[in-house]
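Please keep the sequence and the coordinates open while reading.

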Amino acid sequence: MNTKTSSWKKCGLATLVSAAAFFMVDLTAVAQTVPEGIKSAGLKRIVPDKTVFETDTANQNNWEPFASVIGNSTFVVEANTFADPEDDYNQRYVLVFQPVAGGTAKFGEVFFGDNGKPYTGQINGSRQNGNPGRVAGDTRPGAVNFIAGGEASPHMFDEFQSDDRWDLGVDRLDDGRYGAVQTYSLDPGTLKQTPLSNAIDAINGRLDEGDPPGNQIGRFG
């Protein structure tokens with residue numbers, strides 16, 4: 001009985017080792033197949049390469065675009081560029097929406113004022129090459145919502161003063177910056193974004209006390 005059991009185990013072990021060796025060889029062969037381009041991989045380009053966030057001067061020196069997808073309809077890219085007007089070299093966060101099916105992309109903004117309008121001015125009160133912003137979409141099929149944000153100082157600007165959310169006790173200083181975010185929905189057909197919330201301090205929220213040691217109240221990115 002023991003001899004048969006031992007033989008069966010040896011046979012099973014040999015089979016397992018052989019299968020594992022075959023699997024490893026197969027993986028190695030796949031890993032060595034490197035496409036020379038999208039055509040050799042059987043892919044097709046549906047949108048030509050295009051430079052976005054173009055400016056007449058060098059872009060911010062911390063340029064670090066970030067991408068996500070909204071539902072199964074739209075790619076969204078976030079990057080930092082300059083505030084309006086054209087000669088204002090303060091930092092600003094921007095978006096571009098690209099339909100998955102192809103077609104023309106559309107620009108958007110990371111921050112909207114409390115009046116529901118796109119905000120294109122300076123948003124960081126103390127550093128104009130701050131941490132790059134971020135964007136994240138709801139990736140469930142059919143979803144249309146997304147969240148975007150960056151290291152910002154919305155408490156400093158009139159467009160974000162419709163309520164007392166910046167005056168509850170936390171001292172954000174005259175030039176404080178922190179992780180500010182805002183939520184939106186996107187119409188996949190028109191690529192129009194609609195704010196679902198006002199810009200908020202994602203780290204301190206509605207805390208009613210606190211004195212930061214400096215203007216780096218929160219970090220982002």
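Two strands are said to pair if DSSP finds at least two bridges between them. Helices (H or I, at least four residues) and strands (E, at least two) are themselves DSSP runs, numbered from the N terminus. The model is predicted, so local features need pLDDT of at least 70 and side-chain atom pairs count only at pLDDT 80 or more, while totals for chains, interfaces and linings use all residues. Residues are numbered from 1 along each chain as its sequence is written, and side-chain values use heavy atoms, with hydrogens and water left out.

The protein has one helix and nine strands, in the sequence pattern α-β-β-β-β-β-β-β-β-β. Of its 221 residues, 34% are buried, where buried means under 20% relative accessible area, exposed over 50%, and partly exposed in between (1.4 Å probe, protein chains only). The accessible surface comes to about 13200 Å², and carbon and sulfur atoms hold 56% of that area; such areas come from the Shrake-Rupley method with a 1.4 Å probe, and for residues only the protein chains shown count as cover. Among contacts (heavy atoms within 4.5 Å) with a separation of 6 or more, 63% are between residues 24 or more positions apart.

Strands of a sheet pair through backbone hydrogen bonds, either parallel or antiparallel. Here an open sheet of four strands has the order S1-S2-S3-S4, with antiparallel pairing. Its edge strands are S1 (66-70) and S4 (106-109), each of which pairs on one side only. From one strand to the next the twist averages 30°; the axes behind this value are lines fitted to C-alpha atoms, for helices over the stretch in contact, and angles run from 0 to 180 degrees between N-to-C directions. Within this sheet, S1 and S2 (residues 74-82) run antiparallel and are joined by five bridges. Ala67 stands opposite Val77 in S2.

Gly137 has Phe146 of S6 opposite it. S6 is mostly covered, with six of its eight residues buried. S6 is also joined to S7 by eight bridges, again in antiparallel fashion, and Ala152 stands opposite Tyr178 in S7.

Ser185 lies in S7 (residues 178-186). Its relative accessibility is 19%, so Ser185 counts as buried. The C-alpha atoms of Ser185 and Phe146 are separated by 6.2 Å, although the two residues are 39 apart along the chain. Beyond its neighbours within four places in sequence, Ser185 is in contact with Val144, Asn145, Phe146, Lys192, Gln193, Thr194 and Leu196.

Two loop residues have backbone angles worth a look. Most residues other than glycine have a negative phi, and most peptide bonds are trans. Leu173 is not a glycine, yet has a positive phi of about 65°. Leu173 sits in the loop between S6 and S7 and counts as partly exposed because its relative accessibility is 26%. Leu191 likewise has a positive phi, near 60°, and is found in the loop between S7 and S8 (193-195). With a relative accessible area of 7%, Leu191 is buried.

The last topic is charged side chains. A salt bridge is a side-chain nitrogen of Lys or Arg within 4 Å of a carboxyl oxygen of Asp or Glu, and by this rule there are ten. One of them joins Arg92 and Asp84 (3.5 Å, N to O). Arg92 is buried at 12% relative accessibility, while Asp84, at 40%, is partly exposed.

Another salt bridge joins Arg127 and Glu151 (3.3 Å, N to O). This pair links distant parts of the chain, with Arg127 in the loop between S4 and S5 and Glu151 in S6, 24 residues apart. Arg127 is partly exposed at 22% relative accessibility, and Glu151 is buried at 0%. Glu151 also forms a salt bridge with Arg219, the closest N and O atoms being 3.6 Å apart. Arg219 lies in the segment after S9 (200-201), 68 residues from Glu151, and is partly exposed, with a relative accessible area of 46%. Through shared partners, salt bridges join Arg127, Glu151, Arg177 and Arg219 into one network.
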